[in-house]
Amino acid sequence: MEFFLDTGNVDEIKEAATWGIVNGVTTNPSLIAKTGRTQKEVIEEICSIIDGPISAEVISTDKDGMMKEALEIATWHKNVVIKLPLTEDGISACGELSKREIKTNVTLCFSSNQALLAAKNGATYISPFLGRLDDIGHDGLLLIEEIRQIYDNYGFLTKILGASVRHSDHVRRLALVGTDVATMPLKVLKQLFGHPLTTSGLEKFLSDHKNSQ
Ligand code: G3P
């Protein structure tokens, strides 16, 4: 299972990069807006920190506009992945980009049929939003399980990228159902390390060592 950071904050990415477990980064227009910088600046800096897939999202809503933006973004760095919304135009642009062997991440996926459409047009990644479904009382994990089964039934190579991850138990559950990638904020990545028995056990080892000197 790959871990991506879901952020535009380069300080957070630098911190997590030192642990050696971050395989890529996802951004979206809201995360880029928080930085107060241009998308190009942020994406290029992220590409200099992490050597892995870095998702940058288009803003256009029509296919021609998406293609124009995508082809420009694709020149920024070899690791950039074009993030497209799950609309008719987004799926169509995804098909065009796949033919040109440009990597894509189809985002804002909330149903299995949407995930099927993205896979049919050769999306590199599909991003189902786990947390936002849970927020409205739906079972986000059930969606991921269904997509896993559908992709396996037909041998689709599109990777399932579990997004909108809110806490460490989401990561555990994504791993249990065979999700290819989990993208998460730094806060959630840090939660994966923690266990009270690790903390208290280490304290005891260190105090026993100190007392024996
Ligand atoms: O970038 C897509 C996704 O991870 C957004 O998460 O927390 O805004 O629902 P969130």
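**The largest pocket and its surroundings**

Modeller: Helix 2 gives the most to the lining of the largest pocket, with five residues. The model is a predicted one, in which local features need pLDDT of at least 70 and side-chain atom pairs count only at pLDDT 80 or more, while totals for chains, interfaces and linings use all residues. Residues are numbered from 1 along each chain as its sequence is written, and side-chain values use heavy atoms, with hydrogens and water left out.

The volume of the largest pocket is about 570 Å³. Of its 29 lining residues, Asp6, Thr7, Asn28, Leu31 and Lys34 are the closest to the centre. Two or more lining residues come from each of helix 1 (10-17), helix 2 (29-35), strand 5 (104-109) and helix 10 (186-191). Sorted by class, the lining holds nine nonpolar, eleven polar and nine charged residues.

The terms used so far are as follows. The search runs on a 1 Å grid over the protein atoms alone; a pocket is an open set of points with protein on both sides within 12 Å along at least five of seven lines, whereas in a cavity a 1.4 Å probe fits but cannot get out, and lining residues have an atom within 4 Å of a point. Grid points are joined across faces, edges and corners, and the volume is the space filled by probe spheres set on the points. Helices (H or I, at least four residues) and strands (E, at least two) are DSSP runs, numbered from the N terminus. Nonpolar covers Ala, Val, Leu, Ile, Met, Phe, Trp, Tyr, Cys and Pro; charged covers Asp, Glu, Lys and Arg; the others, Gly among them, count as polar.

Next, the ligand. Around the ligand are Asp6, Asn28, Lys83, Phe129, Arg132, Ala163, Ser164 and Arg166 (a residue is near a molecule if one of its heavy atoms lies within 4 Å of it).

Ser164, one of the residues around the ligand, lies in the loop between strand 7 (159-162) and helix 9 (168-176). Ser164 counts as buried because its relative accessibility is 10% (buried means under 20% relative accessible area, exposed over 50%, partly exposed in between, with a 1.4 Å probe and protein chains only). Its phi is positive, about 55 degrees, although Ser164 is not a glycine.

Leu108 has a positive phi too, about 65 degrees, and is not a glycine. Leu108 is placed in strand 5, and it counts as partly exposed because its relative accessibility is 34%.

Glu57 links to this region through its contacts. Glu57 is found in strand 3 (residues 54-57) and is buried, at 9% relative accessibility. Not counting residues up to four places away in sequence, Glu57 touches Thr27, Asn28, Pro29, Gln39, Glu69, Ile73, Lys83 and Thr107 (contact means heavy atoms within 4.5 Å). Of these, Asn28 and Lys83 are among the residues around the ligand.

Helix 10, one of the elements that line the pocket, holds Lys190. Lys190 is partly exposed, with a relative accessible area of 39%. Leaving aside neighbours within four places in sequence, Lys190 is in contact with Glu15 and Trp19. The C-alpha atoms of Lys190 and Ala16 are 8.7 Å apart, although the two residues are 174 apart in sequence.

Helix 1, another of the lining elements, holds Asp11. Asp11 is exposed, at a relative accessible area of 54%. From Asp11 to Thr124, 113 residues apart along the chain, the C-alpha separation is 27 Å.

Gly52 lies in the loop between helix 3 (39-49) and strand 3. Gly52 is buried, with a relative accessible area of 7%. Apart from neighbours within four places in sequence, its contacts are Asn23, Gly24 and Asn79. Gly52 and Lys187 are 135 residues apart in sequence and 21 Å apart in space, C-alpha to C-alpha.
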